[in-house]
Each structure stands twice: as structure tokens, then as C-alpha cells.
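Look through the structure below before reading on.

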Amino acid sequence: MDAKIAPNPSLYLFEKFDIGVIHLDAQRHVVAMNDFARRVLPVDEKQPFDKLVTSFHPERSKPKVKFLLDEASGCPMTNAVPMTMIINIPEQVLLIKVSRLSNEQGSTTGFVLVFYDVTQVVGQEQPPAEEPVRNVRLSRIPLVANQKVSFVDTQDVLCLESQAHSTRVLTRDGYHFCNLSIGDLALRLDPAQFMRVHRRFIVNLQAVLELGRDGSKTHLALKGKKTPLVPVSRSEVGRLRAALGLG
């Protein structure tokens with residue numbers, strides 16, 4: 001009798017999702033896309049065909065898309081796995097992969113950009129409202145490591161630290177990498193749970209252990225072993241004290 005193969009939840013995670021496919025030429029201009037990409041992307045507004053792919057992305061996303069393509073353009077042996085990135089657009093979070101196309105001689109002839117709309121995976125349901133919610137609130141944060149994407153529940157996050165266009169996410173297990181910017185995350189995290197206390201830091205209020213001062217500077221100590229002190233901007237001290245029940 002054949003042994004039963006246990007289902008792999010990760011394998012079926014994206015089975016229900018449609019795939020957006022965009023074909024770029026070697027100069028990174030949009031050549032074609034499938035029907036799902038046409039439905040998801042603002043094609044009528046941006047008219048992307050025959051244009052440089054980065055030209056119709058938001059300014060904050062352009063460096064990420066360029067980085068993906070630059071990495072995919074590198075040595076095929078070092079980039080055998082398609083490059084992966086998360087990009088935040090209003091009301092959606094997209095998981096994007098880019099792979100290089102080549103001819104018989106191995107010369108680059110173009111690129112294939114594939115994306116999944118993972119908004120349902122990382123988001124939480126919003127209560128009915130008279131005004132539509134512009135940014136979907138996150139209940140899980142997408143992390144990228146070794147060309148794999150995983151998700152961490154927001155309740156397990158201690159703090160987030162800005163790293164230019166990406167973010168370091170601190171959990172009790174240590175640091176992880178998220179390539180959404182801290183500004184994107186600030187817009188999508190629950191303000192009752194998370195607060196941006198500094199231009200570089202967002203903290204989980206439930207993870208705050210102590211509020212302290214060093215001269216004129218205020219900082220936070222977080223729960224967990226060997227967690228770093230988080231600086232608090234002077235302009236945010238009053239709001240933070242109120243959120244912690246000290247005001």
C-alpha cells in the first residue's frame with residue numbers, strides 16, 4: 001500500500017491565488033501582461049506598454065523594482081532562484097518575483113515579472129465603514145530571507161526599525177527582514193497596538209517593559225532578553241505616555 005503524503009500547507013497557500021504576469025524586454029520596457037495583471041494594475045491610467053517598468057511605480061517603490069531587476073540581471077549561477085520582494089500599493093500588498101530570460105547564447109532577452117496579491121494573507125478584516133479604508137490593516141508582516149517569504153503575527157513583533165527602504169523586524173527570536181518601508185508599515189499596523197515613537201522606530205505597546213530617561217533623552221526598554229533600548233522623539237513622549245496610561 002502506498003504511504004499517504006501529508007498535505008503541505010505552504011504548497012497550497014497560493015493555490016487559490018491568481019498570478020499576475022508581466023513580460024519586459026531587455027531594456028526593461030513593458031511588452032505584455034496577462035489578464036489578471038490588467039485587472040489588478042491601473043493599466044488604463046498609467047498606459048504602461050512600451051514604457052520603462054519603473055516609470056509608473058510610486059516613487060517609494062521604484063528603488064525596490066530597480067533592485068529586483070538589477071539582481072536578476074546578474075550572473076545566472078548566483079541568481080538561479082527568482083528574486084523576491086514585497087511591494088505595498090494602496091489597498092494591496094503584492095509579492096513579486098523577477099526572473100531573467102535569455103537566448104541560446106545566454107544573452108538577456110528580457111524579464112518575466114510575476115506577482116501574487118497576498119493582501120488576504122497578511123491583512124485582517126475591516127469593520128464596515130461609511131468611508132472605504134484606503135490601506136488594508138496588517139495582522140501579519142511578510143518577511144523575506146533566502147528568497148523565501150514567511151509571515152509573522154503582529155502580536156509577536158516587539159519593534160520595527162527603519163533600514164532605508166526596508167525594515168528590520170524584532171521578535172523574541174531575533175531580527176528579521178521586511179522589504180516594506182517603515183512608512184508603509186506605519187500606515188497599515190493597528191494604531192491601538194503599534195506606535196511610531198521615533199522616525200526610525202515603531203514599537204508594540206504590549207512589548208514595552210520600561211519607560212526611562214537618560215538626561216534629556218527618553219527611551220523604552222522592551223520585553224525579552226538582550227533587547228535594545230528604543231529612543232523616543234521628544235515630540236512623541238506625551239502621546240506615548242498617554243498610550244501607556246501615564247498621562
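A residue counts as buried when its relative accessible area is under 20%. The model shown here is predicted. In it, Cys-178 has a relative accessible area of 0%, so Cys-178 is buried by that cut-off. Cys-159 is buried too, with a relative accessible area of 2%.

How many disulfides does a search of the whole structure find? A disulfide is a covalent bond between the sulfur atoms of two cysteines. The search finds zero of them.

Next come the strands. Five of them make up an open sheet, and their order across it is S10-S9-S8-S12-S11. The pairing in this sheet is antiparallel. Which strands lie at the edges? They are strand S10, covering 174–178, and strand S11, covering 194–198; each of these pairs on one side only. From one strand to the next, the twist averages 25°.

Start at the edge formed by S10. Its partner is strand S9, made of residues 166–171, and five bridges hold this antiparallel pair. Across the pair, Leu-170 stands opposite Tyr-175 of S10. S9 and S10 form a hairpin, with two residues between the strands.

At the other edge, S11 is joined by four bridges to strand S12, which consists of residues 201–204. These two strands run antiparallel.

Strand S6 takes in residues 140–145 and strand S7 residues 148–153, and six bridges pair them in the antiparallel sense. Arg-140 stands opposite Asp-153 in S7. Two residues lie between S6 and S7 in this hairpin. In the turn, Asn-146 has a positive phi of about 55°.

Which residues line the largest cavity? The lining consists of Met-33, Leu-41, Pro-42, Val-43, Lys-46, Pro-48 and Phe-56. Sorted by class, six of the lining residues are nonpolar, none is polar and one is charged.

Conventions
Residues numbered from 1 in each chain as written. Predicted model: local features only at pLDDT ≥ 70, side-chain atom pairs only at ≥ 80, totals over all residues. Heavy atoms only, no water. 1 Å grid on protein atoms, 1.4 Å probe; cavity = no way out; pocket = protein on both sides within 12 Å on 5 of 7 lines; lining within 4 Å. Nonpolar A, V, L, I, M, F, W, Y, C, P; charged D, E, K, R; others polar. Pairing = 2+ DSSP bridges. Axes fitted to C-alpha atoms, helices over the stretch in contact; angles between N-to-C directions. Disulfide = S-S within 2.5 Å. Buried < 20%, exposed > 50% of the residue type's maximum accessible area, 1.4 Å probe, protein only.
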